[in-house]
Amino acid sequence: MTTTKESQGPNASGRMVLAFLAFSLVIIFAASFIYRMERPSLEVQQKKGQGGMPQGMDSAMNGPMREVMELMQKLQENPDDPGLQMAMAERFMSMGSFERAKAFLDKLVKVRPDDPDVLNALGVVRYNMNDLEGAKAAFEAILAKDAEDYRARFNLGLLYKYALGDPQKAKEALSAVIASPKTDPETRKTAQTELEAKPGS
């Protein structure tokens with residue numbers, strides 16, 4: 001949550017909101033985070049089209065909402081399917097419905113307590129629900145099992161930098177991401193940029 005993650009607790013202006021989709025493309029996480037941080041007061045105004053339906057609603061029903069409905073139908077048939085639960089959590093995260101996403105992740109973490117994808121998603125969701133310590137714990141749980149998980153370390157570094165106000169720990173985490181041979185080039189580049197940039201710059 002770039003991550004995820006300016007002063008003690010969420011910064012006073014509420015600029016930082018993570019929009020990471022709980023998968024390995026950390027760049028999406030970083031870019032979305034910066035975008036939301038730099039645009040704290042965006043307002044969405046819906047214009048009504050023909051028939052009084054807000055423009056875009058019909059296309060939304062053919063996009064994310066349609067996917068959610070299809071997944072819900074599958075879940076009714078297989079309510080304990082971890083893959084379907086994770087897919088639902090990801091869809092709700094992409095829609096900004098973090099409480100709904102958390103409901104699925106809370107079930108998943110009980111059966112997959114060491115799954116890095118589940119824990120990473122849970123960290124992002126907890127951040128967005130202002131549970132900074134919970135987010136930190138989720139990322140640290142990943143690293144406790146795999147110290148080379150650069151995604152979790154990247155997210156933790158940004159959490160320290162932007163939300164927990166600990167630049168030294170942020171520097172350590174981001175430097176580790178840069179040094180890791182497992183880090184992909186784009187993530188390494190983003191980590192380097194974050195290491196050199198000051199919060200809010």
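Is asparagine 130 buried or exposed? Asparagine 130 is exposed, with a relative accessible area of 53% (exposed means over 50%, buried under 20%, partly exposed in between, with a 1.4 Å probe and protein chains only). This is a predicted model in which local features need pLDDT of at least 70, side-chain atom pairs count only at pLDDT 80 or more, and totals for chains, interfaces and linings use all residues. Residues are numbered from 1 along each chain as its sequence is written, and side-chain values use heavy atoms, with hydrogens and water left out.

**Confidence**
- The average pLDDT (the predictor's confidence in each residue, from 0 to 100) is 75 for the protein, and 67% of the residues score at least 70.
- Residues 2-61 have a pLDDT below 50, yet this stretch has 136 contacts in the model beyond near neighbours in sequence (contact means heavy atoms within 4.5 Å).
- Where pLDDT is low, the predicted coordinates should not be read in detail.

**Helix α4**
- Helix α4 covers residues 82-94; helices are DSSP runs (H or I, at least four residues) numbered from the N terminus.
- Among the buried residues of α4 are Leu84, Met88, Phe92 and Met93.
- At the start of α4, a side-chain oxygen of aspartate 81 reaches to within 2.8 Å of the backbone nitrogen of glycine 83.
- Glycine 96, which follows α4, has a positive phi near 80°.

- Asparagine 130 lies in the loop between α6 and α7 (132-145).
- The phi of asparagine 130 is positive, near 65°, in a residue other than glycine.

Conventions: Helix = DSSP H or I, 4+ residues; strand = E, 2+ residues; numbered from the N terminus. Expected span 1.5 Å × (residues − 1). Polar contact = N/O pair within 3.5 Å; in protein donor to acceptor, adjacent residues only side chain to side chain.
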